Number of protein chains: 2
Amino acid sequence: MSANQPAVRQDVTDYMHGLGQAAREAGRHLAATESGPRNAALSAIARRLRADETALREANEADLAAGREQGLDAALLDRLALTEARIEAMATGLEQIAALPDPVGAVSHLDPMPSGIRVGRMRVPLGVVGIIYESRPNVTADAAGLCLKSGNACILRGGSESLRSNRAIAACIAEGLAEAGLPETAVQVVETTDRAAVGALITMDEHVDVLVPRGGKGLIERIMQDATVPMIKHLDGVCHCFVDAGADADMAERIVVNAKTQRYGTCNTLETLLLDAAIAPSLLPRLKSAFDAHGVELRGCERSRALVDGLTPAEPADWDAEYLAPILAVRVVDGIDAAMAHIERHSSGHTEAIVTRDHARAQRFLREVDSSSVMVNASTRFADGFEYGLGAEIGISTDKLHARGPVGLEGLTTQKYIVLGEGHIRE
Amino acid sequence: MSANQPAVRQDVTDYMHGLGQAAREAGRHLAATESGPRNAALSAIARRLRADETALREANEADLAAGREQGLDAALLDRLALTEARIEAMATGLEQIAALPDPVGAVSHLDPMPSGIRVGRMRVPLGVVGIIYESRPNVTADAAGLCLKSGNACILRGGSESLRSNRAIAACIAEGLAEAGLPETAVQVVETTDRAAVGALITMDEHVDVLVPRGGKGLIERIMQDATVPMIKHLDGVCHCFVDAGADADMAERIVVNAKTQRYGTCNTLETLLLDAAIAPSLLPRLKSAFDAHGVELRGCERSRALVDGLTPAEPADWDAEYLAPILAVRVVDGIDAAMAHIERHSSGHTEAIVTRDHARAQRFLREVDSSSVMVNASTRFADGFEYGLGAEIGISTDKLHARGPVGLEGLTTQKYIVLGEGHIRE
């Protein structure tokens, strides 16, 4: 594999186009395979990962040592680390993907038309998927598994600090593919840390059908600027919960506290709480106590600060902040229209929830809020491919075209029309 | 309306952003309306078009006179003309759209999850659609009708030669919208012929959710170069038909002749015929006679020219040509694999057909050919939203993401996730 590594920078584009051509070829092959070999490969890769644990950890130790030398912070080193448990989780994850239903080849209906032809839609792979991610080597196995299951070839470009680990994982993947009789080029890890490789990957429209960037907002914004290949992505999750007048106070507290505190760093974490003016005076004091117990700082609008002491004054920037931290913006609003107007203006289109007892307002919120997930009486933390029963998640999309919300295997496929005739012609 | 017309070029971008903001606002309003007012508006617009026939034809006469002065060719003038029949067709088309089922608001399943939440998907409008088209004023009514039905606001930018006609149609649309109590800004015609307007429209990501260019390859290529807003589009239709060994010769002739000659100028017209070497010697002579009767020129590969006289030698460029004319490229191939390899290399991904008696090869062709429509024993001319039972067609997509193949009302919508809980939180 290292024989493919480009020696000089000007070769990077050629190198990437070589990967692209090989991926296109492998993708055609995969699209024509049945479930059997694809699932066999997934199981074989899982076995290889377990069997090669020592080699994987050695490669990872070298990455970690280099990372420590470079002065990577503790959080980055933690994400870079391949522990025994993480290697087992990668293997188990692949086996779980193997057990999912095959998304490819299904024909949804086949309807007779007045002309006599029958028209249906067949689900098929997209072709080639480009995955760009940070230095989290476990993503290499997860992403490869999802692409393989959905019949797509993939090109994986992980963070440069994890290259040795990714190579070791790629070696297991290549062995597993070979064992199942599939082309090793079905999964290719980019063998250079040159940033020009990303530039080439995101503009090779002829070789790559979709990009899935996985990482922070900064990474995705950089890719968005230059990418010509379409992307499945979300930039951030500025998620809202609106507590309606007359809501059950116990339920409201339970949902709001869970949505904020169950995990701080995830994109479906609550960032702004909107309280109807009719419920705020009774509800806000008890929410303040509950959040105090969790060490969550509340940043409130003037009206909320008039109701309870100890809130930090909210600045305009707070209404657009994705804190990913124990901080919550709080605003008192006059009814559902004001709440939806605030959401319309400040939401990132990820996930919004209402806590209400009122049927009509629940229905309005569901219909009118234009986000990828809209919830009634549930925690925003449920916005997740596994919680939605997709069985897997390649990412979350806040765009409206193609995939919206949590994206599972179906988002890595498309549907083509099929037409069956018996000599039919158009009159 | 002409009060909005920008006086100088540097105002064009501001003007377009003004349309965009108004469209965004109107789109929100439309998304919250039920079917009733949207259908009422469609019927009211149809009535206005019929009632204002004289005014429409006067405006159109002025466009035609200016066009003749500019020296537009006969084909362009024909497409520009609003005859009595075309006005009636616009009105009837709107009434047909009104009669279609509402694509908006449907919730497809609502499944209970292990956590207790119920998860479903609700179909919702995309928001704002930008339509860019040539000087065919009837597209103004058709496109506006499809967007309105699907709950989207739209911004319409037709060819400059048709501006007077489009304004007159837009006046009918505005009156129909007002009659139904919907915002007139739900449908806006761009009131300037400045090309900078297109540049602004295709890059206003914040105001426009999707572009639908309708026109020739040149128009679409120009838009593709600069657009940042996603597009529903196809560049061209280099459609293939492969006649398999052992195919029914009568059926093959019927399909191939229909696919080529039923209309020459459409994107689903047959452009390249692939004949299995086993059937070519018996089939090609009779196809030659049939095409001679239609005045179709055959451009053949060496092997086909060895079988029958009178074929023009095919040049390499013929395998990639979308003739849109009475010309057909003919190539003899060795079996289905060679046919599919040719298609893979030369197809534009629009529509391909196989004529065969063999079940296994029919299934392989359906599965492995990567085009938006794949057909067995039917004419490529069936690739059409109406023939597929979509009830309407905004365009055809050869892209793989979002919509693929003929695009009806569903392609102007998206699905968001909805979650119903009863106080559920994530453990």
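Guide: We start with a term: a salt bridge is a side-chain nitrogen of Lys or Arg within 4 Å of a carboxyl oxygen of Asp or Glu. The model shown here is predicted.

Visitor: How many salt bridges does a search of the whole structure find?
Guide: Side chains of opposite charge can pair when their charged atoms come close. The search covers all chains and applies the 4 Å limit. Its count is 68.

Visitor: Which residue of chain A meets Glu344(B) in a salt bridge?
Guide: Glu344(B) belongs to helix α13 (residues 335-346) of chain B, and its partner sits in helix α1 of chain A, so the pair crosses between chains. From N to O the distance is 2.8 Å. The partner is Arg28(A).

Visitor: How many salt bridges does the rule find across the interface of chain A and chain B?
Guide: One of them joins Asp209(B) and Lys400(A) by their side chains. There the N to O distance is 3.6 Å, which is inside the 4 Å limit. Across the whole interface of the two chains, the rule finds eight.

Visitor: How much area do chain A and chain B bury between them?
Guide: The size of an interface is often given as the accessible area lost when the parts come together. Here 55% of the buried area is on carbon and sulfur atoms. The total that the two chains bury is about 5,500 Å².

Visitor: Which residues in chain A lose the most area to chain B?
Guide: Chain A brings 63 residues to the contact, and chain B brings 63 residues. Three residues of chain A together account for 16% of what that side buries. They are Leu401(A), Tyr417(A) and Arg426(A).

Visitor: Which element gives the largest share of the side of chain A that touches chain B?
Guide: Between the two chains, 41 residue pairs are in polar contact. Elements that give two or more residues to chain A's side include α1 (12-31), α10 (249-261) and β16 (413-424). The largest share is eleven residues, and the element that gives them is β16(A).

Visitor: How far is the backbone oxygen of Asp236(A) from a polar atom of the side chain of Ser348(A)?
Guide: Ser348(A) is in the loop between α13 (335-346) and β12 (351-355) of chain A. Among the residues it touches are Asp236(A), Gly237(A) and Thr398(A). For the two atoms in question, the distance is 2.9 Å.

Note on methods:
Residues are numbered from 1 along each chain as its sequence is written. Chains are lettered from A and ligands numbered from 1 in the order in which they are written. This is a predicted model: local features need pLDDT of at least 70, side-chain atom pairs count only at pLDDT 80 or more; totals for chains, interfaces and linings use all residues. Side-chain values use heavy atoms; hydrogens and water are left out. Contact means heavy atoms within 4.5 Å. Buried area is the accessible area (1.4 Å probe) that two parts lose on being put together, summed over both. A polar contact is a pair of N or O atoms within 3.5 Å; within protein, one must be able to donate a hydrogen and the other to accept it, and residues adjacent in sequence count only if both atoms are side-chain atoms. Helices (H or I, at least four residues) and strands (E, at least two) are DSSP runs, numbered from the N terminus. Lists of a residue's contacts leave out its neighbours within four places in sequence.
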